[in-house]
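Here is a short tour for anyone new to reading protein structures.

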Amino acid sequence: MPKTLVFLEHHGNELQRAALGVLSKAATLDGDVAGVVLGSGVTEAASQAGAYGASAVWVCDEPRLEAALPQPRVDALAQLVRAEGFDTVLFATSVLAADVAAGLAARLGAGLNWDLTDLTLDGGELVGKRPALGDSVYVDVGWKGEPRIGLIRSGTFDPAGNGAGADVRPFSVEFEDFSFAATMVEQAHEESEGPSIEDAEIIVAGGRGLKEPANFALVEALAQALGGAVAATRAVVDAGWYPYSSQVGQTGKTVSPKLYIACGVSGAIQHKVGMQNSNVIVAINKDANAPIFEYSDLGVVGDIHTIVPKLTELVRARRAG
Amino acid sequence: MKIAVCVKQVPESTKRIDPSTKRLDRSGEGALNPFDAHAVEEALRLRDAAGSGEVVVLSLGPAKAADALRKTLAMGADRAVLVSDDVLAGSDLVATATALGAALRRESPDLVLFGQQAGDSDGAVLWAAIADRLRLPLVSQVGELTSSNGSIRGKRQTEFGYDLIEAPLPAVVAVSDAINEPRYPSLKGIMGAKRKPQETLGVDELGLSVDEVGEAGSRTTVLALSEPPPRGESRRIEDDGKAAEQIVEYLVEKRLL
């Protein structure tokens, strides 16, 4: 009987949607599925997990886990996995979760497969699906020995609630000295205003191709005409053109709208991982060799400064008519 | 300060997986993983700002990976160590962490730097495994790095914003590709690279047994390869003044407008 543990990352008092999605998926496979929440003041948040298929939620509610740093979490998971005999540990990919999963693999001498977009049981054996080489080939991956550790591509699975409650089980951890050597000095987290881009059905994104911050007005106008939200690339957020809460990518939000229009976005891997699950991707870029054209449904080689305002006018006219 | 930078050689152009071995085909031309050039650049800047120190670059890979190491020497690194042995082929994360961890222990650097990810496997996990094996503090996704008085400070990017993290040395840091613009090797650097110390270590020199590394030491396996599901027809247009109209037509056709 497989025994699976899902790492439930939280931010504030909220369990992360991607992690709950992984939990829901794990609950559809055979065996027993538990969640684990590691943080300070997280016991109440942990109780949410029962609704997504966890039979139990392990909680280490500990002031020293306040900062979202990976190494103390490796100690906690390693001890829990050993004590309870979990044979599979799953994570939704995030900046934090990737470090925790890899540290755990090293600690336990366990196999780690990453960037998985599906999990199936084949004759009782867990098999992961991993798109590789720019998603040009799909690789079925497996594990030798236990535990098996898997990082699931963020946003792959939607949370599905069944309403049942979970048994919340506190546990304590003996931490390694080196796990607290790295310390959080300060955090600059910007809470987003208005509706989150993660919930938007239409997103218009702006990148460095806009040339200057004032040109974000073009992107905003198009988004408004379409009734969508505005997103930005890491490059323009780093440059201070647009708020962090709009950043899509590896560091930033993962989105999967019905329509994603990328304006002046080159589409490097850092950006791609945050928006590749969009239903329809339209890219407008001057550079015919921009990587984004490799995974766009409609690629338009041209100048955003002329195309976007015109497109906005046409969309407005159509919607008004 | 002694800085070790871990780099990978990745296939330069056409990437394919060999159906017989189910491993990445590494027979063609290789190049320095572009993400790792940022880690090398940061190491050189830290060394030069301190006015002293050593940058040693390590790579685990086939004999040809020496080319990628030579490029880092041409950029300005002081010394290169190639961990290469037939029995290392097919190493997964834990097996790689064992072999590279042993090579790093031999060097005992003050700072170990990694790039953001591997351009071939998209792996972005090795540093955390190495930090755990070496029992050293870890900071990843670092967009700004400073060093003073035996510690480092890294500005890390997460999904939620910036974190400023401090760690005493020795430490392991993975830098993002936003941290700097890597230099191109100068002609003088390229000529000088040949005279810089380069050594190759096998599992014997690292004191490892063959069953801890390579496929024997790996805990993951590749079962099968398949074609990705069709993404649907991808269209491309060049703007001849009608692009906005064509986009609208497309959105209407897709029932998005």
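Are α3(B) and α4(B) roughly parallel or oblique to each other? Keep that in mind as you look, and note that this is a predicted model. In it, α3(B) and α4(B) pack at an angle of about 55°. Angles from 65 to 115 degrees count as roughly perpendicular and those under 35 as roughly parallel, so α3(B) and α4(B) are oblique to each other.

**The helix pair in chain B**

- Two packed helices are described by the angle between their axes and the distance between the axes.
- The axes of α3(B) and α4(B) lie 9 Å apart, and the crossing of these helices is right-handed.
- On the α3(B) side, the contact is made by L93(B), V94(B), T96(B), A97(B), L100(B), G101(B), L104(B) and R105(B).
- From α4(B) come L126(B), A129(B), I130(B), R133(B) and L134(B).
- Sorted by class, this contact has 9 nonpolar, 2 polar and 2 charged residues.

**Where the chains meet**

- Chain B gives 62 residues to the contact between the chains, and chain A gives 73.
- Elements of chain B that give two or more residues to this side include α3 (93-107), α4 (126-134), β14 (220-226) and α7 (243-253).
- The largest share of chain B's side, 8 residues, comes from β11(B).
- The residues on chain B's side divide into 33 nonpolar, 12 polar and 17 charged.

- Strand β10 of chain A (residues 137-143) pairs with β14(B) in the antiparallel sense, over 6 bridges.
- Within this pairing, you can find V141(A) opposite V222(B) of β14(B).

Methods:
Residues are numbered from 1 along each chain as its sequence is written. Chains are lettered from A and ligands numbered from 1 in the order in which they are written. This is a predicted model: local features need pLDDT of at least 70, side-chain atom pairs count only at pLDDT 80 or more; totals for chains, interfaces and linings use all residues. Two residues are in contact if their C-beta atoms, placed from the backbone, lie within 7 Å. Helices (H or I, at least four residues) and strands (E, at least two) are DSSP runs, numbered from the N terminus. Ala, Val, Leu, Ile, Met, Phe, Trp, Tyr, Cys and Pro count as nonpolar, Asp, Glu, Lys and Arg as charged, and the others, Gly among them, as polar. Two strands pair if DSSP finds at least two bridges between them. Axes are lines fitted to C-alpha atoms, for helices over the stretch in contact, and angles run from 0 to 180 degrees between N-to-C directions. Angles under 35 degrees count as roughly parallel, over 145 as roughly antiparallel, 65 to 115 as roughly perpendicular and the rest as oblique. A crossing is left-handed if the near helix is turned anticlockwise from the far one by less than a right angle, and right-handed if clockwise.
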